[in-house]
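Please open the model in your viewer and keep the sequence panel beside it.

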Amino acid sequence: MFGKKKQKPQIDQEQLELIQNAQRRVKQKKRLYIHFVIFIIGALFLVLANTVLGIGEGFKIFELDWFVVAIFAWLFFFLYHVLNVFVLNKFMGKDWEKIQLDKLVEKQKTRIEKIKTELKKEAPLIAESQVYNEELVQKKSSNLTMIVAAGENNEIGKDNDLIWHLRDDLKRFKALTSGHHIIMGRKTFESFPKPLPNRTHIVISRQKDYQVPEGVIVVNSLEAAIEKAKNDSQPFIIGGGEIYKQAMPLANKIELTRVHSTFDADTFFPEVDKSIWKETANTFHTKDENHEYEFSFLTFERK
Ligand SMILES: NC(=O)c1ccc[n+]([C@@H]2O[C@H](COP(=O)([O-])OP(=O)(O)OC[C@H]3O[C@@H](n4cnc5c(N)ncnc54)[C@H](OP(=O)(O)O)[C@@H]3O)[C@@H](O)[C@H]2O)c1
């Protein structure tokens with residue numbers, strides 16, 4: 001009673017064009033084949049016409065028998081035909097190419113419009129998250145200070161040890177950092193005989209189970225170290241070279257003891273870029289019986 005309605009096969013326009021092109025292609029090849037057969041028969045006929053029937057006997061073009069010239073001329077056209085079908089693909093024609101190109105351009109336009117709409121939706125979110133990240137870094141590092149002693153060429157250490165002993169510099173380091181969090185790389189931590197008194201040590205290491213004395217905090221990134229010190233009004237980055245380099249973009253103050261000499265070293269402080277940092281304090285200290293080198297206490301603040 002409710003028999004199925006016979007469905008007509010559905011072929012879209014694109015498929016139809018492909019089929020039509022395939023048919024045209026077959027026709028082209030067929031024509032080429034017929035051309036080839038006619039050429040062979042025709043060439044044979046020309047040879048026979050001259051040699052057997054004596055047509056045009058003795059008639060020469062450029063010192064060649066006329067039928068040889070005729071066969072070569074025909075061969076040339078046949079080869080041109082082959083070239084058109086197999087190499088130049090001219091069978092598709094300029095119109096077909098233009099239609100395909102227009103379609104492609106139309107598709108690209110639609111895609112571009114889609115991307116534009118998506119971008120419009122995402123742009124405020126991206127902007128918001130950028131502002132959020134900037135605020136986060138700003139907040140985290142608002143009082144982050146790097147404290148370091150470096151030679152004239154930014155030398156800071158050799159064989160995991162300091163290169164000099166300057167009593168007043170150590171005193172200043174103690175005065176500034178006491179009561180605060182001090183953030184350091186694993187190697188700097190290992191250069192101490194024992195943890196420094198009256199300071200919270202945060203040691204950065206990639207090792208999963210790095211063992212430390214009680215009270216020392218171990219983290220696996222600089223960001224995590226800053227996060228651990230977030231309740232400290234004045235956390236310090238105390239080195240070494242690897243950590244200073246990573247902290248340079250995050251810190252907003254540098255307490256630099258510039259030792260006025262050059263040293264043999266294997267670890268260095270990054271160059272202080274004067275376009276980013278301005279010097280806000282500079283106190284010179286002469287050489288004396290407790291200080292082998294002249295030095296200056298410099299303070300830099302982010303501009
Ligand atoms: N003159 C100064 O004021 C001063 C101050 C401090 C130090 N120093 C000198 O500096 C030298 C030590 O500096 P250094 O550059 O060789 O070593 P460092 O910065 O003290 O420590 C490097 C170690 O920190 C860990 N680390 C670094 N980046 C990390 C990251 N993004 N995530 C997780 N872990 C990370 C790695 O520990 P793991 O290998 O455990 O993964 C790495 O081997 C010594 O000679 C020391 O005396 C001088």
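**Before selecting anything**

This is a predicted model, in which local features need pLDDT of at least 70 and side-chain atom pairs count only at pLDDT 80 or more, while totals for chains, interfaces and linings use all residues. Residues are numbered from 1 along each chain as its sequence is written.

**The whole chain**

Colour the protein chain by secondary structure, and seven helices and 12 strands can be picked out; helices (H or I, at least four residues) and strands (E, at least two) are DSSP runs, numbered from the N terminus. Of its 303 residues, 18% count as buried, a word used here for a residue with 20 or more other C-beta atoms within 10 Å of its own, whereas exposed stands for 12 or fewer and partly exposed for what is in between, with C-beta atoms placed from the backbone. Among contacts between residues at least 6 apart in sequence, 66% join residues at least 24 apart, where a contact requires C-beta atoms, placed from the backbone, that lie within 7 Å.

**The ligand and its shell**

Select the ligand next, together with the 29 residues that surround it, of which the closest are G157, G185, G239, G240 and G241; a residue is included if its C-beta atom, placed from the backbone, lies within 6 Å of the molecule. Two or more residues of this shell come from each of β3 (145-150), β4 (155-157), β5 (181-185), α5 (186-191), β8 (236-239) and α7 (241-247). By residue type, the shell has 10 nonpolar, 14 polar and five charged members, with Ala, Val, Leu, Ile, Met, Phe, Trp, Tyr, Cys and Pro taken as nonpolar, Asp, Glu, Lys and Arg as charged, and the others, Gly among them, as polar.

Zoom in on G240, which lies in the loop between β8 and α7, and look at the peptide bond from G239 to G240, which is cis, with omega near -5°.

**The nonpolar core**

Now select M146, V148, I183 and I237, the residues with the most contacts inside the largest nonpolar core, which has 34 residues; such a core is a set of buried Ala, Val, Leu, Ile, Met, Phe, Trp, Tyr and Cys residues joined through C-beta atoms within 7 Å. At least two residues each are supplied by β3, β5, β6 (200-204), α6 (222-228), β8, α7, β9 and β12, and β3 gives the most, with five. Centre the view on V148, which, leaving aside its neighbours within four places in sequence, is in contact with I156, G239, Y244, L256 and F269.

**Strands and their partners**

Which residues cover the two faces of β5? Select the strand to see H181, I183 and G185 on one side and I182 and M184 on the other, all of them buried. Because five of the five residues of β5 are buried, the strand is largely enclosed by the rest of the structure. In a regular strand the side chains alternate between the two faces of the sheet.

β5 runs parallel to β6 and is joined to it by five bridges, with I182 opposite H201; strands are said to pair if DSSP finds at least two bridges between them. Moving on to β12, seven bridges join it to β9 in the antiparallel sense, and L256 has L298 as its bridge partner there. Strand β11 (residues 277-285) also pairs with β12 in the antiparallel sense, over eight bridges, with A281 opposite T299.

**Helix α4**

Select residues 167-177 for helix α4, whose buried residues are D169, F173 and T177. They lie on the same side of α4 because they cover an arc of only 50° around the axis, the arc being that of the directions from the helix axis to the C-beta atoms. These buried residues pack against β3, β5, β8, β9 (253-259) and β12 (295-302), while on the other side of the helix R167, K171 and A175 are exposed. After the helix comes G179, whose phi is positive, near 85°.

**Single residues in loops**

Finish with N160, in the loop between β4 and α4, which counts as exposed because it has 12 C-beta neighbours inside 10 Å. Not counting residues up to four places away in sequence, N160 touches K187, E190 and S191.

How values were computed
Two residues are in contact if their C-beta atoms, placed from the backbone, lie within 7 Å.
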